[in-house]
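Please walk me through the salt bridges of this structure and the contact between its chains.

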Amino acid sequence: MSSPSNTTTMPLAAKIGLYAFLIASALFFLAPLIVIVINSVKPMADIRSGSLLSLPSEITFEPWRIAWSSACTGLDCSGIRPGLMNSILITVPSVIISVLAGALNGYALAQWRARFADWLMLLILIGLFVPYQAMLYPTVKMLSGMGIFRSYWGIIFVHVVYGLPYTTLLFRNFYVGVPDEISRAARMEGATFLRTFWSVILPISTNIIVVVAILQFTGIWNDYLLGLIFAGNDNMPMTVQLTNIVNNSRGAAEPNVNMAAALLAAIPTLVVYFISGRYFVRGIATGAVKG
Amino acid sequence: MYNISLSKIKKSYGDLTILHSVDMEIEEGEFIVILGSSGCGKSTLLNIVAGLDTCDTGRIMIGEKDVTDLEPSDRDLSMVFQSYALFPSMTVKRNLSFGMEIARVPKAEREAKVAHVAKLLQIDNLLDRKPSQLSGGQRQRVAIGRALVRSTGVCLFDEPLSNLDAKLRTETRVELKKLHSDLGFTMLYVTHDQVEAMTMADRVAVMNKGRVEQFAPPQDIYEKPANLFVASFVGSPVINQIEGTLGADGVFDTGETRIDLGGYDFDHGKPEAQDAVLAVRCEDIDIVSPEEGHITADLDFVELLGADALAWVVYHGKRLSVRMSVDAARALPKHVGLRFVLPKASVFSAKTEQRL
């Protein structure tokens, strides 16, 4: 399909057709969201009697309250609120560490022309291609050996390590485009590698930092498998608790509560996208994550 | 003391030799231009002096200090880069004081120095701006200011004017020269632009394929080039070259006419007979009648340059250029004689390409 490059000369019929198509596509992709929002504010009576697609007879936020603070995950009935805190505690440090370390790696690989920089980059890329499910068992053994299996620092360590190939690649591609004379000028001024990185390079990396941070944030926030395996019972992230609520076998199934819980779990990533969308587009446009 | 001494500097990447044993002695306060086309090793040499690159063998002395293995910041020198390389996130002021911040110079002293240099370069009204808010010429000034502010006594320049437009380049050239005579710094300046070399340098080092071909004052380079490469690299249009044989009696035989080189001052007395190249600048040729000329040639075309004119003549299928007044050029006949000002000509051995 060729894109309509000149809309001013487009005949009315074509215009209507175009908008009809766009609206239909939007509805198609929005439909699940609409269904989930509608059902999250329906009383249970509506759900038992009607179909999932019918509008609520009355709007109630009771399912949201239950999902938030009193839904049962296994034996514990305090909603997904504790999971939210755990998710934040896991995501924030993991994002900060993996972004900063990725930036440092990327800068070193792109500009300091270490002897085997290209080979190192290739090795790191291999880390991107191997699915992490395949590495779960060795990782479990390794973390047990280190004594941080099923602990707070264990899950952060896993997120950082699994995130590094990705963040390193993105930052490296960005720094390859930064003239290396800037680093050399800093070296002439007496700045060390770290000082150059911190005072000169990081301040010009805002766009790419935002892009990588958002990608890492959504990735880590939405992670289920690693959290389930490595976090340990006290640090279960929201996603794991969400599944527990949905799969809870005690009492009757409450789809409205499940949907409210799912929405609660998705809100932080949405907020992050809305706040930083501008930077995100700008960062993508700078070419770091093209293709 | 800020004299610089380079001895036997060698550098190669694998099989590719960038520098073949470069030696150079630079006096304190001299303005040295390293001139060469791209790929001749001039920037590598500068980076080695700066400490941004390492040499395989050789020693670099600045004053009494052997700096060969020192970090750039420990060498008492500063550098201006081709792309200016200002720190984009910092204001002009911080760009100037960044190096002193790292060296933990007290704040009052930093501010005084920045103010002094800003005034000197007339950038004091730009101090709060970011580099992206400056024009090319202003960025250039800031870059020079950053090099001067640490006032070390040795300044390195890596093609600093090549990103400026022609007018600004001429202005900055004059200012740099003035700055040099005011401050008395030792300056090492890399360029491929022979006009910059001729106008600014106390001495020029012409480089080719990793070797210094000649290291002499610019006028000497122009008038007495040490070899055929220097002769043809420096000067525009390219120096006229006539091939022939040189007899033991000091007569140059073009195969058609014999030119007595009696007026030419050979470097090492009269050389033995050999194939040779007679090289003459376009302004050292007089147009005369065909009978009086050393050689005769046919007029091809005339270029009027405003102040003067270049007549291009064809001699044995080769174009030669002759500089003359516009009026004379307009009145040129089709067939002319060329008379060389022999004391100002150069004779090179065809085999070694060295000056005879």
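Which residue forms a salt bridge with Glu62(A)? The partner is Arg65(A), with the closest N and O atoms 2.7 Å apart. A salt bridge here is a side-chain nitrogen of Lys or Arg within 4 Å of a carboxyl oxygen of Asp or Glu. Side chains of opposite charge can pair when their charged atoms come close. Glu62(A) and Arg65(A) are separated by about one helical turn because they are three residues apart in helix 3 (residues 62-70) of chain A. Helices (H or I, at least four residues) and strands (E, at least two) are DSSP runs, numbered from the N terminus. Glu62(A) is partly exposed at 36% relative accessibility, and Arg65(A) is partly exposed at 43%. Partly exposed lies between buried (under 20% relative accessible area) and exposed (over 50%), with a 1.4 Å probe and protein chains only.

This is a predicted model, in which local features need pLDDT of at least 70 and side-chain atom pairs count only at pLDDT 80 or more, while totals for chains, interfaces and linings use all residues. Residues are numbered from 1 along each chain as its sequence is written, chains are lettered from A and ligands numbered from 1 in the order in which they are written, and side-chain values use heavy atoms, leaving out hydrogens and water.

Over all chains, the structure holds 24 salt bridges. In chain B, the side chains of Lys65(B) and Asp76(B) meet in one of 3.6 Å, N to O. Lys65(B) lies in strand 5 (residues 65-66) and Asp76(B) in the loop between strand 5 and strand 6 (78-80), so the pair ties together parts that are eleven residues apart in sequence. Arg323(B) forms a salt bridge with Asp308(B), with the closest N and O atoms 3.3 Å apart.

Now to the interface. The contact (heavy atoms within 4.5 Å) takes 15 residues from chain A and 28 residues from chain B. The area buried between chain A and chain B is about 1900 Å², and carbon and sulfur atoms give 61% of it. Buried area is the accessible area (1.4 Å probe) that two parts lose on being put together, summed over both.

Three salt bridges cross this interface. One salt bridge joins the side chains of Arg195(A) and Glu101(B) (3.8 Å, N to O). On the side of chain A that touches chain B, the elements giving two or more residues are helix 8 (180-188) and helix 9 (193-201) of chain A. Helix 8 of chain A gives the largest share, seven residues.
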